[in-house]
Amino acid sequence: MSTILFYTSPARGHLNPMMDVAVALRSMGHRVVMQTLTSEVDLVERAGLEHRPISTDTASLALADYKGSNPLKQLQITGACWQERASHEVTDLREVVAELDPDLLVVDANSWGAAAFAEGQSRPWAMFLPYCLPAPSPDVPAFGPGFPPPKNRLDRIRDRVVWSLSKRATRNSIKKLNALRAKLGVAALDSYADVYDRADLLLYRTAEPFDYPRRDWPESIRAIGPGLWTEPETAPEWIGDLPHPRVLVSVSTEFQDDGAIIDTALAALADQPGSVIVTTAALDPSRFHAPNDRVRITRHLPHAAVLAEVDVLVTHGGMGTTQRALAAGVPVCVIPWGRDQNETARRVRECGAGTMVPRSKLSATRVRKGVSDALAMTPGAEQLAAAFGSAGGGARGAELLEGLLGEAIVAPTPTSPTGALRPAAPK
């Protein structure tokens, strides 16, 4: 039996995407420990896993990128937050590694300090990425604004300019991170995109065609489809009494001041045929008013169960919620509010599984049309659900992590991230 330690950033949306892998590893006989938010101890232990907390010093550094006035400013705020957490993450992880002496570390891509610590160890380590890969390629647009894929020379010039601006926006954060990395005996990074190419394995929680095909996938990346694990829950009985089409409106579980999505969706849809179900998540549900009995507003519902009962999702574009809907064959109307959500929205549109309404053009009229058009894209969502299912999920992720523990495995093809992984190189 091997001991495998997972380390997550202080975001609830970064624990569940790896729970299926962790549970699969436990079923294989491994000891699995999740170092995550203190508030998640009950959830982790109910799944049969061990829990260790990240420190309050780490957890107290909340991401406030929603305050940025544009994608580059939001990226700058994000980089500064992740860099500020980094030294606390090193302390967190060092203490638990000393206690457990794990055979394998699995680190959240947003945990720059934990990743640097893992890189400096002699043991194998992996990273997990629960959002779209922000790494340059001739085949994909520059990350952040939500551009369509490049089609010509001008598009590629555009992308090079934006990548350069992104690198500049995070330059100070990377400089400070490199000082910490030097203390840990690991090489400096040239840009934040380098973070994703340092681990022996990166488990990528999506799959083509949701993410764009690349001719130059980094050799360590394996796309295994979205993490869809959830505790067994059932939808409330009252959903069955609501008329179709049923529209689920959902905003972020991490506060990003996105209540305008709910306000606009209610204005757009409350008087339309069908019904509206709103989950307010990080927002106080008392802020919003249900104008009739075909509108239900609550803070939380079990999306895994509810999505089987609805026809379309209106969302801020969080990767977890969006992919969960698509994996259920439910089309989406994405209103991206910040973070990586422009990229999620663009991918939804490009693969024909839904629509996007830019935040800058948010109106009841556009949301009404976005929902109507998305409803006609159910076949695209169903095709994407099949692609996600074939990527392997938690079982495939567990198999790949076991490979890092010493099993020789075949090298991948250069054009797809779904092949087998090379053996980990000696440190």
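This is a predicted model: local features need pLDDT of at least 70, side-chain atom pairs count only at pLDDT 80 or more; totals for chains, interfaces and linings use all residues.

**Salt bridges and their setting**

A: In strand pairing, Phe6 stands opposite Val106 in E4. The two strands concerned, E1 (residues 3-7) and E4 (residues 104-108), pair in the parallel sense over four bridges. They belong to an open sheet of seven strands with parallel pairing, ordered E3-E2-E1-E4-E5-E6-E7. Strand E3 (50-53) and strand E7 (221-223) each have a single partner strand and stand at the edges, so one side of each is left without a neighbour in the sheet.

Turning to the charged side chains, the model has 18 salt bridges. One of them joins Glu50 and Arg52, with the closest N and O atoms 3.5 Å apart. Glu50 is partly exposed at 26% relative accessibility, whereas Arg52 is buried at 16%. Both residues take part in a network of salt bridges that also links Arg31 and Glu99.

Another salt bridge is formed by the side chains of Arg215 and Asp139, at 2.5 Å from N to O. This pair links distant parts of the chain, 76 residues apart: Arg215 lies in the loop between strand E6 (201-204) and E7, and Asp139 in the loop between strand E5 (125-129) and helix H6 (153-169). Arg215 is exposed, with 58% relative accessibility, while Asp139 is buried, with 18%.

Glu231 and Arg46 also meet through their side chains in a salt bridge, at 2.5 Å from N to O. Because Glu231 lies in the loop between E7 and E8 and Arg46 in helix H2 (residues 41-46), the pair ties together parts that are 185 residues apart in sequence. Glu231 is partly exposed, with a relative accessible area of 22%; Arg46 is exposed, at 56%.

Methods
Residues are numbered from 1 along each chain as its sequence is written. Side-chain values use heavy atoms; hydrogens and water are left out. Two strands pair if DSSP finds at least two bridges between them. A salt bridge is a side-chain nitrogen of Lys or Arg within 4 Å of a carboxyl oxygen of Asp or Glu. Buried means under 20% relative accessible area, exposed over 50%, partly exposed in between (1.4 Å probe, protein chains only).
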